[in-house]
Amino acid sequence: MPKGKVRIGIAGLGRLGKRHAANLASLPNVRLAAACSLVDEELEWARSELALEALYTSYEEMVASGQIDAAFIVSSSAVHAKQSILALEKGLHVFCEKPIGVNVEECRAVERAVESRPGLVYLPGFVRRFDPSFAYAKRLVDEGAIGTPFLVRSQTVDLDEYAAFQVKFVPTSGGIFLDMNIHDIDLARWFLGDEVESVHAMGGSFVHPEFEAVHDADNTVALARFRTGKMAVLSVSRTAFHGHDTHTEVTGSKGTLKIGITPAKNRVELFDAAGARVECVKDFYERFAEGFMAEAREFVDCVLCGRKPIVTARDGTAATEVGFALAESFRLQSIVRV
Ligand SMILES: NC(=O)c1ccc[n+]([C@@H]2O[C@H](COP(=O)([O-])OP(=O)(O)OC[C@H]3O[C@@H](n4cnc5c(N)ncnc54)[C@H](O)[C@@H]3O)[C@@H](O)[C@H]2O)c1
């Protein structure tokens, strides 16, 4: 590895991959050395916007090129596990977007590959853990600010205008629970320090019947019971009109923390004849831009310092296990043990 700079190859230059690529290119201790996509226009974007020359349509060729020290995987969820394992086998550090695999077997295979290469860094992309407000809330919980936490209520809510994109995304994303609710699952495990024992999910295609046609839903809600009896209420909506309304509440024996309850774009409030209102963030990227940057910095820092990241492959597997149980519970309309 060149002293002080990590050479990174990014896989996937889609909706999120372009953002990650631009973030990585801006970091002083990174050389964005290669990129890979199945889409020619995206590779052209990397050439013109980031002056990248090592461009691949084959991930296998990119990781075998000898040009990179780390793979930054932002490709479709369906190929995450396969691509992570291949990179680790080639001796590369890996950042992988959530979910780390679209079934539990895949996730366990990733875990085994990570365990067998203890000198390599593996970081699953649970971006909310790197968001300043969520990170601050976790510090408060750890310091005992709300006593013993026993209840998490967490939601992921997207604007209705993205529903048409989401319908097309379902076949490779793993569906609403694995693609969206997985963030809330990870937060609930993180804040409660406990593992989910059973779940009961329900939902439907209340606004867009197209989701039902692909065995998915546009709105869901689920109850999760943890091994010690702690609880979580996890919900998702793809049909909001006010903004990307992702927020979380953590209740403990001495108080409650509310994180991002109003998805405000900034601190401006408009008071006029129509009343009082704030503009909202539009999408996940606008809400979590700082988190995505912090996550990239954490990955690079871990590689350069030989440090283990705060999120592990085990966290990735556990979240996928619960995501699967939620999907199963939704399908069977009954309580499912994890
Ligand atoms: N952390 C978050 O909040 C968050 C938000 C959005 C997306 N994501 C995750 O990021 C990933 C990408 O999402 P997106 O919205 O950018 O998707 P997208 O469909 O816009 O882009 C997918 C990209 O993957 C590439 N790709 C697919 N298969 C490939 C292969 N075999 N080899 C090389 N490249 C391949 C495509 O060429 C494309 O560039 C998904 O796994 C998604 O779950 C995470």
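This is a predicted model: local features need pLDDT of at least 70, side-chain atom pairs count only at pLDDT 80 or more; totals for chains, interfaces and linings use all residues.
- An open sheet is formed by 7 strands with mixed pairing, in the order β12-β11-β7-β10-β9-β8-β15. Strands (E, at least two residues) and helices (H or I, at least four) are DSSP runs numbered from the N terminus, and two strands pair if DSSP finds at least two bridges between them.
- β12 (255-259) and β15 (336-337) are the edge strands; each has a single partner strand, so one side of each lacks a neighbour in the sheet.
- β7 (residues 149-159) runs parallel to β10 (residues 231-240), and 8 bridges join them. In β10, T156 has V236 as its bridge partner, and V157 stands opposite S237.
- β7 and β11 run antiparallel and are joined by 6 bridges.
- β7 is largely enclosed by the rest of the structure, because 8 of its 11 residues are buried. Here buried means under 20% relative accessible area, exposed means over 50%, and partly exposed lies in between (1.4 Å probe, protein chains only).

**Helices on the sheet**

- Helix α11 (residues 313-332) lies across β8, β9, β10 and β15, and runs at about 50° to β8. Axes are lines fitted to C-alpha atoms, for helices over the stretch in contact, and angles run from 0 to 180 degrees between N-to-C directions.

**Domains**

- The domain assignment gives domain 1 (6-126) and domain 2 (129-289 + 319-337); such bounds come from an automatic or database assignment.
- The C-alpha centres of domain 1 and domain 2 lie 26 Å apart.
- In domain 1, 18 residues are in contact with 18 residues of domain 2, where contact means heavy atoms within 4.5 Å.

**Aromatic rings and charges**

- The whole structure holds 10 aromatic pairs. Rings of Phe, Tyr and Trp (its six-membered ring) pair if their centres lie within 6.5 Å; planes under 30 degrees apart count as stacked, over 60 as edge-to-face and the rest as tilted.
- One of these pairs is Y285 with F292, stacked at 5.1 Å centre to centre with 10° between the planes. Y285 is buried at 9% relative accessible area, and F292 is buried at 3%.
- F72, F95 and F299 form one aromatic cluster.
- R15 lies over the face of F169, 5.3 Å from the ring centre, and K18 lies over the face of W45, 5.6 Å from the ring centre. A charge sits over a ring if NZ of Lys or CZ of Arg is within 6 Å of the ring centre and within 35 degrees of the ring normal.

**Backbone details**

- K98 and P99 are joined by a cis peptide bond, with omega about -15°. P99 is in the loop between β5 (93-97) and α5 (104-115).
- A51 is not a glycine, but its phi is positive, near 55°. A51 is in the loop between α2 (40-50) and β3 (55-56) and is exposed, with a relative accessible area of 62%.
- H215, also not a glycine, has a positive phi of about 60°. H215 is in the loop between α9 (210-213) and β9, and is exposed at 69% relative accessible area.

Terms used
Residues are numbered from 1 along each chain as its sequence is written. Side-chain values use heavy atoms; hydrogens and water are left out.
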